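Have a look at it first, then read on.

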There are 2 protein chains.
Amino acid sequence: MSNESPLRIGLLLFPGFQALDVFGPIDCLNILSRTHPLTLSILSHTLDPVSTKPPLTPTALAQSVVPTHTFANAPELDVLLIPGGLGIRLLHSEAITSAVDFIRYVYPSLKHLITVCTGSGLVARAGVLDGRRATTNKRAFVEVTGWRGEVDWVARARWVVDGNIWTSSGVSAGIDVMLAWIGNVYGEGVAKEIADIMEYRQVEDGGDDPFAELYGLR
Amino acid sequence: MSNESPLRIGLLLFPGFQALDVFGPIDCLNILSRTHPLTLSILSHTLDPVSTKPPLTPTALAQSVVPTHTFANAPELDVLLIPGGLGIRLLHSEAITSAVDFIRYVYPSLKHLITVCTGSGLVARAGVLDGRRATTNKRAFVEVTGWRGEVDWVARARWVVDGNIWTSSGVSAGIDVMLAWIGNVYGEGVAKEIADIMEYRQVEDGGDDPFAELYGLR
């Protein structure tokens with residue numbers, strides 16, 4: 001890839017996203033951006049701060065992130081990162097239906113699409129994963145895969161790549177899929193350097209997934 | 001511990017904190033708070049949003065977090081969580097000197113103090129680690145430990161506990177120290193459940209640290 005123009009990253013948010021789904025991979029990109037040009041746009045259905053507060057758990061701790069763009073005025077993007085989280089289950093909320101519509105609209109113009117956790121469920125609902133291999137959160141696997149039978153869902157995988165779509169398993173797997181993607185695009189040495197800075201023991205094999213068995217998946 | 005009154009968590013922030021230092025352990029607490037009462041106060045030297053932007057890297061990606069309190073009007077706390085990050089090296093900035101003063105002031109009233117990465121350097125500078133065992137980021141070990149020779153710095157450790165002070169190694173080690181602390185306070189089963197929800201392979205031995213050797217430490 002060229003180092004001359006920044007790669008334009010988009011982060012899709014909805015209320016009730018999981019904090020580590022976002023900040024694991026985003027911190028990989030923060031570190032990458034010290035040496036490689038990147039831009040980050042944070043997209044949601046409105047410009048209101050987006051809270052991690054899960055539905056129906058009013059006393060849970062939560063943090064909020066401020067979007068930079070709405071789906072309606074999103075800039076051109078090269079890469080879209082989609083986290084999961086309990087809020088994704090509000091399937092008929094405007095936040096989720098507009099996110100699904102945006103994914104369907106923007107996917108053809110992307111170079112890469114990367115999902116963490118149940119985020120792949122949104123991409124599946126957009127029809128973009130039909131006929132493709134993909135994975136998702138293992139604890140929520142039965143529920144999320146039930147949203148779209150046309151996807152070739154893979155139970156035992158830390159992450160799966162099919163074409164330009166990278167889907168990962170739950171929460172912390174987002175760090176591994178992002179490091180794998182960085183290794184693919186920028187080189188393995190760059191990914192290794194970021195993992196070492198984070199003192200993170202990267203799962204380097206996308207098939208290495210003890211959580212499938214833990215959650216009783218074949 | 002009693003489940004009757006919430007444990008009051010404080011998160012100390014300064015400009016140039018490392019995102020995963022915060023959101024790894026905080027997401028453990030977010031999940032814990034679905035079943036156990038917690039409160040979270042976010043503290044900084046002013047109420048301005050606090051950016052992860054590192055010093056001297058104007059093009060780096062960054063995200064901002066909005067404090068809920070200043071050091072001057074901090075509520076009573078049971079636990080203080082202190083991240084690290086490149087911003088900590090602005091040793092004479094008001095953000096850092098006021099953080100060090102706050103740590104020195106508040107420590108005697110805390111039940112527990114937990115640090116991630118170079119965050120232990122702030123606690124060391126406050127004098128609170130004198131005569132105690134502690135660890136820090138391994139890539140920055142020589143620099144940070146040089147700030148306070150009165151500390152018994154431990155090079156090979158994912159995390160170290162001395163009394164009520166839990167210090168961890170770099171970035172992702174914050175997840176492990178928080179899970180270890182949750183295991184100690186709420187029980188190992190609670191910590192294991194959170195790690196499984198995060199699909200995270202917890203480092204369960206605080207002495208298990210390949211990064212000390214990677215960075216040439218004894």
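Why does B:Val171 count as buried? B:Val171 is buried because its relative accessible area is 2%, and buried means under 20% (exposed is over 50%, partly exposed in between, with a 1.4 Å probe and protein chains only). B:Val171 sits in the loop between β11 (165-168) and α5 (173-186) of chain B. Its phi is positive, about 45 degrees, even though B:Val171 isn't a glycine. Helices here are DSSP runs of H or I with at least four residues, strands are runs of E with at least two, and they're numbered from the N terminus.

A few ground rules before we move on. The model is predicted, so local features need pLDDT of at least 70 and side-chain atom pairs count only at pLDDT 80 or more, while totals for chains, interfaces and linings use all residues. Residues are numbered from 1 along each chain as its sequence is written, chains are lettered from A and ligands numbered from 1 in the order in which they are written, and side-chain values use heavy atoms, with hydrogens and water left out.

**Loops, and how open they are**

Chain A has a positive phi in a residue other than glycine at A:Cys117, near 60 degrees. That residue is in the loop between β7 (112-115) and α3 (119-125) of chain A, and A:Thr118 is found in the loop between β7 and α3 too.

| Residue | Relative accessibility | Class |
|---|---|---|
| A:Cys117 | 4% | buried |
| A:Thr118 | 5% | buried |
| B:Ala74 | 26% | partly exposed |
| A:Asp208 | 31% | partly exposed |
| A:Gly207 | 39% | partly exposed |

What does A:Thr118 touch, not counting residues up to four places away in sequence? The list is A:Gly84, A:Gly85, A:Ile88, A:Thr136, A:Asn137, A:Ala140 and A:Val144. Contact here means heavy atoms within 4.5 Å.

B:Ala74 is in the loop between β5 (69-70) and β6 (79-82) of chain B. Leaving aside neighbours within four places in sequence, B:Ala74 is in contact with B:Leu43, B:His69 and B:Phe102. B:Ala74 and B:Gly10 are 64 residues apart in sequence, and their C-alpha atoms are 8.7 Å apart.

A:Asp208 belongs to the loop between α6 (188-197) and α7 of chain A, and A:Gly207 lies in the loop between α6 and α7 as well. With residues up to four places away in sequence not counted, A:Asp208 touches A:Arg158, A:Val203 and, from the other chain, B:Arg201. From A:Asp208 to A:Pro75, 133 residues apart along the chain, the C-alpha separation is 36 Å. For A:Gly207 and A:Arg156, 51 residues apart along the chain, it is 6.4 Å. A:Arg156 is also in contact with A:Gly207.

**A helix that meets the other chain**

Now for α6 (residues 188-197) of chain B, where B:Ala191, B:Ile194, B:Ala195, B:Asp196 and B:Ile197 are buried. What do the buried residues of α6(B) pack against? Their partners are α7 (210-214) of chain A, plus α1 (19-32) and α5 of chain B. After α6(B) comes B:Glu199, with a positive phi near 50 degrees.

**The core**

Nonpolar side chains in soluble globular proteins tend to be buried together. The largest nonpolar core has 158 residues, and A:Trp181 and B:Trp181 touch the most other members. Such a core is a set of buried Ala, Val, Leu, Ile, Met, Phe, Trp, Tyr and Cys residues joined through side-chain atoms within 4.5 Å. Neighbours within four places in sequence aside, the contacts of A:Trp181 include A:Leu7, A:Trp166 and A:Tyr186.

**Two pockets**

A pocket is worked out on a 1 Å grid over the protein atoms alone: it's an open set of points where a 1.4 Å probe fits, with protein on both sides within 12 Å along at least five of seven lines, and lining residues have an atom within 4 Å of a point. The largest pocket has a volume of about 260 Å³, where grid points are joined across faces, edges and corners and the volume is the space filled by probe spheres set on the points. Of its 13 lining residues, A:Arg34, A:Ile197, B:Leu86, B:Arg89 and B:Arg139 lie nearest the centre. The second largest pocket holds about 220 Å³, and its lining includes A:Cys117, A:Thr118, B:Arg34 and B:Ile197.
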